[in-house]
Amino acid sequence: MAQRMLNVQGLHAYYGKSHILQGVDMHVGEGEIVTLLGRNGVGRSTMAKTILGMVKATGSVCFRGQEMLGRRTFEIARLGIGYVPENRDIFPTLTVRQNLLLGEKRSRRQGKPRWTLAQMYDMFPRLQEREDTAAGVLSGGEQQMLTLCRTLMGDPDLILIDEPTEGLAPKVVALVGEYLQALKERGISVLLVEQKLAIALDISQRVYVMGHGNIVFEGTPAELKDNAQVRKEWLEV
């Protein structure tokens with residue numbers, strides 16, 4: 001079993017008086033891809049934001065043995081957690097290259113940074129073709145590539161990715177899946193927040209299903225595929 005990089009216990013999160021997360025327990029191991037599935041509105045995106053310190057919460061969120069609750073978002077990011085939001089949050093008037101360089105930071109390790117601009121272009125040649133183009137005129141798939149790469153330029157050990165395939169063509173969805181597998185091979189852990197079952201079954205080592213602010217299933221993709229009751233009750237629309 002992979003050593004736990006992220007360990008969440010008894011996590012409760014609130015928007016004002018609304019109690020969104022209601023005692024969530026989950027973990028992500030070193031070099032592991034874990035997918036958090038569930039219907040819209042059950043608290044999946046809130047989970048990612050709570051880990052990043054963006055939502056009022058109680059309980060415990062430990063990253064590499066350090067408690068994250070109570071820390072500010074930029075402090076959590078500096079410790080090695082990256083975040084790719086659902087709305088992508090690019091800088092539309094800046095070029096592709098400028099967006100990527102804004103994500104760059106000095107590595108927390110000795111020696112060279114783990115990721116460079118050249119490596120981003122090697123992974124996604126389309127971004128190099130568009131490097132002098134304003135990010136706001138990119139296609140949805142290109143913007144998703146850009147956001148993922150900009151997050152990588154921050155040299156994270158764990159990336160939280162919220163709905164990366166939303167609104168993308170099937171070919172681009174497949175490309176995102178390949179990208180995430182490449183991250184795993186480089187030793188980066190991924191918590192993927194998704195609604196689409198297919199990508200979760202294809203690339204994850206483990207899967208959680210969330211319903212009504214709590215975890216209702218934990219297991220391997222094969223176990224979820226064989227559990228028709230869970231899929232029908234908590235995933236199928």
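Me: What makes Glu75 count as partly exposed?
Reply: Glu75 has a relative accessible area of 26%. Buried means under 20%, exposed over 50%, and partly exposed in between (1.4 Å probe, protein chains only), so Glu75 lands in the middle class. Mind that this is a predicted model: local features need pLDDT of at least 70, side-chain atom pairs count only at pLDDT 80 or more, and totals for chains, interfaces and linings use all residues. Residues are numbered from 1 along each chain as its sequence is written, while side-chain values use heavy atoms, with hydrogens and water left out.

Me: Why is the contact of Arg72 with Glu75 called a salt bridge?
Reply: The term needs a side-chain nitrogen of Lys or Arg within 4 Å of a carboxyl oxygen of Asp or Glu. Here the closest N and O atoms are 3.5 Å apart, so the pair qualifies. Arg72 itself is exposed, because its relative accessible area is 51%.

Me: How do you know that Arg206 and Glu32 are both buried?
Reply: Arg206 has 13% relative accessibility, so it counts as buried. Glu32 is buried too, because its value is 11%. These two form a salt bridge, with their closest N and O atoms 2.8 Å apart.
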